[in-house]
Amino acid sequence: MPAITKDDVIPIGTLAARTGVAVSAIRFYEDKGLIHAVRTGGNQRRFLRSDIRRVSFILIAQRLGLALAEIEEQLATLPEGRTPNVRDWQKISHSMRAAIDDKIKLLTRTRAKLDECIGCGCLSLQKCQLYNRDDKMGAAGATGPRLVLDT
Ligand code: FES
């Protein structure tokens, strides 16, 4: 593992400022093992500059609704002590692709159907008689807004 130089590392304040995350949150991620501080030759506690991308990934993944355990699982595939390269991130990208595609489909259906009948059984819209006459979906055992949640 190449020696860590001062150009490779940043203090926690810089990591917080650049990612827009509170220092307390950085410490929380560290406690959870999502990121790891390193010691410089001068025994200063610092983070690798590449941790900006890790923390940014955490922010994106949280916005996508991933639980901390899922985020931890993804970040655990990245190498420790060196800057992850494009191949390292491609592994994560590939493993998350199906979940992201599902979210895109759900968001697209939601955008398309939210002002129409969503098949929930309320029969409160005129189009309900078209798409879910007399709540035929409920009669068939469906629960929830099937016209949006069903893939
Ligand atoms: S919106 Fe609820 S059944 Fe149509």
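**View 1. The salt bridge across the interface of domain 1 and domain 2.** In this predicted model, the rule finds 1 salt bridge across the interface of domain 1 and domain 2; a salt bridge is a side-chain nitrogen of Lys or Arg within 4 Å of a carboxyl oxygen of Asp or Glu. Lys113 and Glu116 form a salt bridge, with their closest N and O atoms 3.2 Å apart.

**View 2. The arrangement of the two domains.** The chain is divided into domain 1 (6-113) and domain 2 (115-151), with bounds that come from an automatic or database domain assignment. Their C-alpha centres lie 39 Å apart. In contact (heavy atoms within 4.5 Å) are 5 residues of domain 1 and 10 residues of domain 2.

**View 3. The area buried between the domains.** The size of an interface is often given as the accessible area lost when the parts come together. Domain 1 and domain 2 bury about 600 Å² between them, and 48% of it is on carbon and sulfur atoms; buried area is the accessible area (1.4 Å probe) that two parts lose on being put together, summed over both. On the side of domain 1, Leu106, Arg109 and Lys113 lose the most area to domain 2, together 83% of what that side buries.

**View 4. The salt bridge of Arg45 and Glu30.** The whole structure holds 6 salt bridges. In one of them, the side chains of Arg45 and Glu30 meet at 2.8 Å, N to O. Arg45 belongs to strand β3 (residues 45-48) and Glu30 to helix α2 (residues 23-31), so the pair ties together parts 15 residues apart in sequence. Helices (H or I, at least four residues) and strands (E, at least two) are DSSP runs, numbered from the N terminus.

**Notes.** Residues are numbered from 1 along each chain as its sequence is written, and side-chain values use heavy atoms, leaving out hydrogens and water. As the model is predicted, local features need pLDDT of at least 70 and side-chain atom pairs count only at pLDDT 80 or more, while totals for chains, interfaces and linings use all residues.
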